[in-house]
Structures are given as structure tokens and as C-alpha cells.
Amino acid sequence: MKDLYKTLGVAEGADEAAIKKAYRKLAKEYHPDVTGDDKKKTERFKEINEAYAVLGDAQKRKEYDRLKHAPVRPDGMPEGFDADAFARTFGGRATAGGVEFSGDFDVADIFSSLFGGAAGGGGRATQSRGRVRPRQSRGADAIGQLPVSFVEAALGTKRTIRTANGGTVEISVPPGVENGGRLRIPGKGMDAPGAGGVPGDLYLDLDVRPDPHLRRAGDDIELGLPMTITEAVLGAKVEVPTVEGRVTLTIPPGTSSGAKLRLRGRGIKRPDGTRGDQIVRVEIVAPKIKPDDTETRKLFEEIATRTAQDPVRRF
């Protein structure tokens, strides 16, 4: 039986983080963008994706481990094999003859290794009486990463990317996507190994790059705005960054540190076309007066006297 752990170069007891780390390293090394038209490396890339499609899914990994180590009965089936359970785990259905399924890796290879018999490549086969009978072949799914900027994630964008089989395709990144989200591009995975088969799908894990100033909070965007004491006391007009460029924000006189000012409709774009807001949080930066600057100190002491009011602390 194909050893998927060996394919990724990890131990059977490896945790989820170690498996993901190993996959990302290998996928980056063997991606067609890097290897070009090297057929052996393209096949290796396919094997890496097949392995991660199983080991990166807790339920599939558990079932794979059980089948891998289960004793084999005289009829070629593993002890305790349950067609319904297997079908549910790997996305298929139990049939009168056994199991029919379509997966995102080469399930037929696992069946063939366990139970004997020949199978066409791809991820769709029918198991019957301990043999694997091929049906329409399907290419393996491919998994890759797509880095997007904070602005692109907030507003959506279009990208032209290279697919697993070396072609190119324009994709749409919808507005409002989050880091760790996944896009599915049907039919843009690995080609089917046999004639007449269908290609797998391409899955792109989104890597949203942080913005140096803006931070997401649900559908809103937050910004910390440093201000001088005079700007806070007298009011001011300041330029602030948004996902659509810089805009002018009016600071009312007497604004306190921690105050939140709202830019309506400047947040994350929602699927229905509406927008969240941008929340600007005021952060007053006090000046540092040099010990020998007596004139500035006297000015602030005079201001303190003239603006004496009820205590601002009530504890």
C-alpha cells in the first residue's frame, strides 16, 4: 500500500502542524511554476497533493491509518471493513457491489494495494468482491497558496495564476475573504492519467498579508490615529489611510484619547455589495518637555490653570 507518510517525509505520529509544514515545503519545491515541464517532478507534485489530501484531513487520515494496518482477510478485504463508513469518509456511497466514490486523491491505488486487482488512475472506482473495477478516471486535486494583500482581501480582485498542469487561468478573489480561507477552481487540478478522464480541482489556500496600519475586525476596519495635544484640543483635519487610499478626517475640538471616529462605508465589502465601516481610534501623544525648557513648561502650567475643571478621574 502506498505510504503517504513517506511521500510527505513525516513520521506516522506527526501532528497536524508538522504535516502541513512538510506539505507546504514540498509543494513549493515541486510546483509547476518552479519545475516547468519536468514530467517526473510534476508527477511528484501530484503525489504530494494526494498525500496531503488524506493526511491533512483528520477523518480521512484516521481511516487511512486503520486500513493501512488492518489484517487482511482471505478475500483480500481488511478486517472490520465497513463500506458505508469508508464511503462517508472518502466522499462516496456504498453500493450493492461494494463502494463507489470520487475522491481528491488516488483512492484506487490504495484499494488496489490492499485488495488486489487493477484500477484505472484517478479518484473514481468501484470496489466489488475484493477487486477494484475502474470507471471514469479523474485527476488528483491540487492544493496551492495564493498570497493576497489586505486591500485585495477587503475589496476583491482578479488574478491570473498558473495551474498545476502548467496552464494559466484568471480567477476572481471575492471581497471579504479571510486569511486561511480556501478558493476552489473546478477542473484546474491535475490532468486525469487516462484518456477520456476529467481533471481534478485546484484549491487555493489564502494567505492575506497584514497591512502596516489597518486591522480587520469583522466587517469593519480599525485604525489607530496618533494625534498631538493641540490637534485634540483645537480640532484638526488629518489624512488617514483607507483600503481605497487616503481620505481627510475631521477631528472635532476637545477630542479625548480613546475616542472612536467612524468613516461609514469604508470597511470590508460584503457579498451583497454593502460595506462595513472604518473605525478610527484616537491616540493622543503627549510631548516630552526638556528639563531646561522652562518657557514651554510655564505655558502648559498656564493652560492647566485656565482649563481647570471637574476631576477627570472618578476613582
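Three strands build an open sheet, arranged in the order S5-S9-S8 with mixed pairing. The model is predicted. Strand S5 and strand S8 (182-185) lie at the edges of this sheet. Each has a single partner strand, so one side of S5 and one side of S8 lack a neighbour in the sheet. From one strand to the next, the twist averages 30°. S8 and S9 run antiparallel and are joined by 4 bridges. Arginine 184 has tyrosine 203 of S9 as its bridge partner.

A second open sheet holds 4 strands. Their order is S10-S11-S15-S14, and the pairing is again mixed. Here S10 and strand S14 (260-263) take the edge positions. Each pairs with a single strand, so one side of each has no neighbour in the sheet. The twist in this sheet averages 30° from one strand to the next.

Strand S10 (residues 214-217) runs antiparallel to strand S11 (residues 220-228), and 4 bridges join them. Arginine 216 is bridged to isoleucine 221 in S11. The hairpin of S10 and S11 has 2 residues between the strands. In this hairpin, glycine 218 adopts a positive phi near 70°. S14 is likewise joined by 4 bridges to strand S15 (residues 278-285), and the two run antiparallel. Arginine 262 faces isoleucine 279, which stands opposite in S15.

Another hairpin is formed by S6 and S7. S6 pairs with strand S7 (residues 168-173) in the antiparallel sense, over 6 bridges. Isoleucine 161 finds its bridge partner in valine 169 of S7. This hairpin has 5 residues between the strands. Glycine 166 takes a positive phi near 95° in the hairpin of S6 and S7.

The helices supply a packed pair. Helix H4 (residues 39-55) packs against helix H5 (residues 58-69) at an angle of about 100°. Their axes are 6 Å apart. An angle from 65 to 115 degrees counts as roughly perpendicular. H4 and H5 are therefore roughly perpendicular to each other. On the H4 side, the contact involves Ala53, Val54 and Leu55. These meet Lys60, Arg61 and Tyr64 in H5. The residues of this contact comprise 4 nonpolar and 2 charged, with no polar residue.

Empty space was examined next. Rolling a probe the size of a water molecule over the atoms shows where such space is left. The largest pocket holds about 460 Å³ of space. It is lined by 22 residues. Lys28, His31, Gly144, Gln145 and Leu146 are the closest of these to the pocket centre. Two or more residues each come from helix H2 (16-30), helix H3 (32-35), strand S5 (142-148), strand S6 (157-162) and strand S9 (202-208). S5 gives the largest share, with 5 residues. By residue class, the lining consists of 10 nonpolar, 4 polar and 8 charged residues.

Terms used
Residues are numbered from 1 along each chain as its sequence is written. This is a predicted model: local features need pLDDT of at least 70, side-chain atom pairs count only at pLDDT 80 or more; totals for chains, interfaces and linings use all residues. Side-chain values use heavy atoms; hydrogens and water are left out. On a 1 Å grid over the protein atoms alone, a cavity is a set of points where a 1.4 Å probe fits but cannot get out, and a pocket is an open set with protein on both sides within 12 Å along at least five of seven lines; lining residues have an atom within 4 Å of a point. Grid points are joined across faces, edges and corners, and a volume is the space filled by probe spheres set on the points. Ala, Val, Leu, Ile, Met, Phe, Trp, Tyr, Cys and Pro count as nonpolar, Asp, Glu, Lys and Arg as charged, and the others, Gly among them, as polar. Two strands pair if DSSP finds at least two bridges between them. Axes are lines fitted to C-alpha atoms, for helices over the stretch in contact, and angles run from 0 to 180 degrees between N-to-C directions. Angles under 35 degrees count as roughly parallel, over 145 as roughly antiparallel, 65 to 115 as roughly perpendicular and the rest as oblique. Contact means heavy atoms within 4.5 Å.
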